[in-house]
Amino acid sequence: MEERLYTEEILLQRFAAGDPTAFQFIFRQHYQALCYFANSIVANDQEAEDLVQESFSKLWDKRNGFGSASSIKAFLFISTKNASLNFIKSRERHSLKEKEFSYLHPEEESLDINRFDPVLTETEIMQQLYAEIERLPNQCRRIFKMSYLEGRKNEDIANTLHLSYNTVRAQKLRALKLIRSGLLKKNILPLLGMYLVLLRHTH
Amino acid sequence: MEADQHKELFPFLQRAAYLIRQHQQGLLTAAEQEELHTWIGASLENQRLFDQMTDPAFLQEHLHRFEKFDTEAGWNNFRALHFPSRQARLRPLFGWWSAAAILLMLVGIGLFFRHQSSTSRPLAAIQASPVVPGHSRALLTLADGSVIPLDSNGNRVIAQQGATVQQQNGQLQYLAQGDATTAMNMLTTPRGGQFRLTLPDGTKVWLNAASSIRYPTAFTGTQRTVEIRGEAYFEVAPVANKPFTVKINQNTSIAVLGTGFNVNAYTDEPFIRTTLIEGAISVHTGNTSRVLAPGQQALVNGPAIQVSDHADTTAILAWKREAFYFQEADISSVMRQLSRWYDVTVVYEGSMPSRRFQGEIERNLPLADVLEGLESTGIHFRLQGRTIIVTP
């Protein structure tokens with residue numbers, strides 16, 4: 001525990017001092033999750049990324065005010081949420097204006113951190129699931145992603161990576177052994193089940 | 001300090017996310033199960049979230065969506081805007097730690113350097129005689145003293161008295177035998193080598209460079225004991241009433257129940273570090289012993305054992321997934337790893353640079369690429385034969 005706090009303290013010191021590598025560390029930690037979160041609200045990949053870039057710019061301007069890594073995370077998610085909600089509002093206002101309505105009054109979005117936010121919870125879970133995939137060994141991860149996330153066939157993966165068909169299957173099996181969340185295995189299992197049965201017959 | 005009011009980040013969110021994650025991994029306790037059920041029943045919103053998070057098709061699609069956001073591209077945009085010049089990025093900052101400029105090496109740095117190397121300054125001496133990375137190779141010493149060299153593309157059965165050993169590429173497997181007579185074998189990796197081994201009880205061992213393991217060809221007694229030097233990762237097969245012990249030196253050993261753990265016991269490293277990934281082990285030295293929980297690391301420091309929580313397992317197991325991983329590493333620690341893997345000697349000229357390094361590099365790159373990457377922090381290297389000379 002001591003060691004972790006120490007590391008966090010150093011990170012925050014460097015961050016406050018404007019060290020780009022400390023900033024990059026935080027950027028990498030949260031970027032995908034923030035984009036996913038913003039995209040769930042604005043339903044537009046490019047806008048989501050722009051809004052997240054904005055949040056990081058704000059974070060950079062305020063880098064002296066943070067006492068913990070989790071307060072940085074909270075700041076990023078709250079500003080991204082506010083920006084995303086404002087973005088949809090202005091988009092709506094814009095389309096209303098075109099229809100010559102002008103009475104819409106902007107409301108300031110208030111955010112209660114104790115209020116439960118399902119989209120944020122979803123983002124947190126997706127981030128942790130994704131981290132589980134990211135923790136797989138290199139080749140295993142590449143193959144699992146191509147198969148599971150991109151839905152590519154074994155032959156196709158084998159050709160792209162210049163591997164044998166059997167290596168691809170073996171790496172998929174390995175991924176399944178290493179991944180803890182049963183749900184990630186469901187869509188890939190039936191095929192591999194067949195492979196296992198085959199193995200048992202041929203040996 | 002305005003931002004600091006959010007110190008506790010969304011407590012309800014964290015709890016709900018935790019419960020759903022435990023559910024996804026099948027790790028809920030009875031009490032948590034009930035808590036989750038109550039939570040799901042509390043609102044339609046909760047019910048909906050739970051349904052989505054347990055729907056394989058939803059997860060698959062949304063993870064794909066998650067993945068499509070490209071962190072490196074995002075970072076490049078951000079960096080171009082806020083940290084325009086490269087010099088500025090690496091300039092030391094205030095404070096005692098600031099003397100150490102940090103290099104953050106990107107995962108996949110290899111590709112980056114390969115693209116760069118045609119345009120950047122060539123390291124002439126290095127390119128003249130490329131030092132290639134290590135690969136699967138080892139020496140197997142049988143009980144009668146004969147030595148068999150193993151490399152990464154052998155497929156054969158090695159017969160010896162009382163034991164059958166199968167080599168398949170970079171792996172060696174002992175087959176369990178009913179009435180085997182026991183003999184001691186030893187597997188040794190040179191600098192620049194690595195190998196995998198399955199012991200007769202099914203225990204799996206990954207042996208890093210410049211390491212060795214000594215073991216019986218059958219575990220016949222009431223104990224399973226092996227001896228190691230250097231670094232190894234163990235996945236010990238659980239066998240009832242037959243404890244597994246890893247001896248490191250005269251004083252220090254690890255007692256194991258079915259589990260996975262990493263031991264780093266290189267004699268040129270300052271401490272023996274044992275990190276538990278899962279299961280349970282106890283570390284013994286002299287009269288002291290400590291039991292580890294998963295994620296903990298024991299550091300044997302003379303007669304004492306220090307245990308730290310939250311060991312960085314990504315860093316510790318990097319070698320097993322064929323990468324170097326540096327976390328706040330000083331130059332000598334970086335060079336020790338490189339020298340073991342590339343089988344080179346390291347000499348320091350002038351004062352030792354005080355920089356610290358952070359990041360991950362694949363282990364299958366030529367030494368020149370790795371050095372070139374390190375040179376971008378302002379440290380300089382010269383290569384003479386198999387000796388690297390480090391200059392500030």
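The pLDDT is the predictor's confidence in each residue, from 0 to 100. Its mean over chain B is 78, and 83% of the residues of that chain reach 70 or more.

| Stretch of chain B | pLDDT | Contacts beyond near neighbours in sequence |
|---|---|---|
| residues 1-8 | below 50 | 19 contacts |
| residues 86-128 | below 50 | 61 contacts |

Two residues are in contact if their C-beta atoms, placed from the backbone, lie within 7 Å. Where pLDDT is low, the predicted coordinates should not be read in detail. The model scores ipTM 0.80 and pTM 0.47.

This is a predicted model, in which local features need pLDDT of at least 70 and side-chain atom pairs count only at pLDDT 80 or more, while totals for chains, interfaces and linings use all residues. Residues are numbered from 1 along each chain as its sequence is written, and chains are lettered from A and ligands numbered from 1 in the order in which they are written.

Helices (H or I, at least four residues) and strands (E, at least two) are DSSP runs, numbered from the N terminus. Helix H2 (residues 30-42) and helix H3 (residues 44-53) of chain B pack with their axes 5 Å apart, at an angle of about 120 degrees; axes are lines fitted to C-alpha atoms, for helices over the stretch in contact, and angles run from 0 to 180 degrees between N-to-C directions. Angles under 35 degrees count as roughly parallel, over 145 as roughly antiparallel, 65 to 115 as roughly perpendicular and the rest as oblique, and H2(B) and H3(B) are therefore oblique to each other.

In chain B, an open sheet of three strands runs in the order S21-S24-S23, with mixed pairing, where two strands pair if DSSP finds at least two bridges between them. Strands S21 (345-348) and S23 (380-384) of chain B stand at the edges with a single partner strand each, so one side of each is left without a neighbour in the sheet. S21(B) pairs with strand S24 (residues 387-391) of chain B in the parallel sense over four bridges, and B:Thr345 has B:Thr387 in S24(B) as its bridge partner.
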